[in-house]
2 protein chains.
Amino acid sequence: MRHVDVLIIGGGPAGISAAIWCKRLGIDCLLLEEQSQLGGQLFNIFNEIIDYPGMRTKNGIEMQREMVKHFVDMDCLYEVNTKVLFIDERFKTVKVKKQAKEQEIFYMYLILATGSSQRKLGVPGEQQMIDRGEVYSASADGERLKGKTVAIIGGGDRAFEGAHLLSSKAREVYLIHRSTRFKAREQYVERVISNPGIKVMTDTEVTAIHGDRHVTSIDLESKNKGYKSKNLLVDAVLIRLGVAPNVELIKGKVATAQNGLIVTDEVHQSSNPFIYAIGDACTTPLFSSISSSAGQGTIVAKHISSLLTES
Amino acid sequence: MRHVDVLIIGGGPAGISAAIWCKRLGIDCLLLEEQSQLGGQLFNIFNEIIDYPGMRTKNGIEMQREMVKHFVDMDCLYEVNTKVLFIDERFKTVKVKKQAKEQEIFYMYLILATGSSQRKLGVPGEQQMIDRGEVYSASADGERLKGKTVAIIGGGDRAFEGAHLLSSKAREVYLIHRSTRFKAREQYVERVISNPGIKVMTDTEVTAIHGDRHVTSIDLESKNKGYKSKNLLVDAVLIRLGVAPNVELIKGKVATAQNGLIVTDEVHQSSNPFIYAIGDACTTPLFSSISSSAGQGTIVAKHISSLLTES
């Protein structure tokens, strides 16, 4: 069985930073990434990155390129296209699959840098829309959405802020939320409700997204309002349901908070002393950033190094 | 009186990151730096920096240049050559001095990014040696110290590691420590004691460093061994007494740990809810890094932003 001192799951900024630091500290380390490229959520940043001290990049891809170059230049060990199927925390092994081949890896310390994912509606047509690249930023895509009819789905800060930002650009903005209660800050809600350019539809669920080459309409359903499958013509859909940490692999094996985040101490150790978590798997969206993820990767590597040297 | 929402004391990586993020989040913020340039301890890094994810620089100056460029490009507000004389945490004001002029600044939130300093011997000749640039890295300056007689002062990991590293390069290595007990890890101590190229002198204090254009000798004193002012010919002195956080300004005003570090919670708030600490003022040398300092700057700015938006 393959054996490594430190196994990192996830190749976003947090995992990359932990791997660079493990290498720097002389720790035998392997990083596993499910996708075909390292970078994680950097691929979802389409705007300029102005908040990583010392480095400004046009977008996430450019940041990804620099981070991966650094990682590769330092000869950090990694495997892409490698899915972790199972973590056996009692025997400290991880079962992974690369193409058709399965193997087990024994770890001394495990670092979960699995990130988070945008919550999805889970309705027909949604994935096709994403795959066609119809993914918008309310702050950066004002020009692209000028004169269009836009539906924003969600009830949190980002949904309300998006509606507010686009109301001056788009022809019509619908804010659609399945409940009548909003998670968003009161001042955000008030600003949207008092804006005549935004139609707020509560108690309403989206059941399908239609369109072949681009979005043309959505289906809506409201139990309380007593209708099923009302069709609404729209040109764009922005899904703003928030993010959820990717913690399925470790559920029930380490302590998690009510919001799903892995609970860690100040050195990012989880409730299992051989398992650490860094980045968006343990950080609320409010505090999430490339810079704090990188910082957490550093701290974990340094802490593990101190443990390995002592032993 | 000048008023700012966020006042940052200290312009190293932690302070720079906090300022960049404050700007990013639209917070009214001012950074104060005592020295004539921003950068803090980056000026003391003479080796390649390989551990800041995404960016590799030849040395600290190059990293300093990139960080300051980023900071200035973002129009972050700052004052150099500005010494903080006094923090009045009850009235939330700070008294500062720039050249001969004193002024008071009112803050809503204060971020201490005051860093740490290498502990000094405090003996004649020491500052002149530092000012002449006779500051060495045991790992990077092996060639510069080849064939020389080197004295390393201290009893911790860095002193012992330095002695070990230089023993294969230097002509003679003295490890001089004022006590007979060492803080360094046992394995480090054993490796040095069993090395015939290193002379360990315990119970010995350095009382002076001599030399006009470069170090030529040091004076030693040992109460237990009963001698005073023994002179030892050396070509170089490496002071490895550890670092101490720069917390004089805030002593007694927020909780500090036994090691002097400011105690903070996970969002880097101190025991006073209007005072935060980031970087080496609150981080043990073990976990200190540019990357974790930058990450802490981000988190503090995001936390303060959430408080300012709520209010």
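Select E48(A), which sits in the loop between β2 (29–32) and β3 of chain A; helices (H or I, at least four residues) and strands (E, at least two) are DSSP runs, numbered from the N terminus. The model is a predicted one: local features need pLDDT of at least 70, side-chain atom pairs count only at pLDDT 80 or more, and totals for chains, interfaces and linings use all residues. Residues are numbered from 1 along each chain as its sequence is written, while chains are lettered from A and ligands numbered from 1 in the order in which they are written.

(Buried means 20 or more other C-beta atoms within 10 Å of the residue's own, exposed 12 or fewer, and partly exposed in between; C-beta atoms are placed from the backbone.)

Next, show R56(A), K58(A) and N59(A), which E48(A) contacts when its neighbours within four places in sequence are left aside. Contact means that the C-beta atoms, placed from the backbone, lie within 7 Å.

Now display both chains. 30 residues of chain A are in contact with 30 residues of chain B. On the chain A side, α1 (13–24), β3 (49–52), β4 (55–57), α2 (60–73) and α6 (290–310) each supply at least two residues. Colour α6(A), which gives the most, with nine residues.

The same surface serves both copies, as 100% of the contact residues of chain A recur in chain B.

Finish at strand β11 (residues 172–176) of chain B. Four of its five residues are buried, so the strand is largely enclosed by the rest of the structure. Strand β10 (residues 149–153) of chain B pairs with β11(B) in the parallel sense over five bridges; two strands pair if DSSP finds at least two bridges between them. Zoom in on A151(B), whose bridge partner in β11(B) is Y174(B).

Terms used. Two residues are in contact if their C-beta atoms, placed from the backbone, lie within 7 Å.
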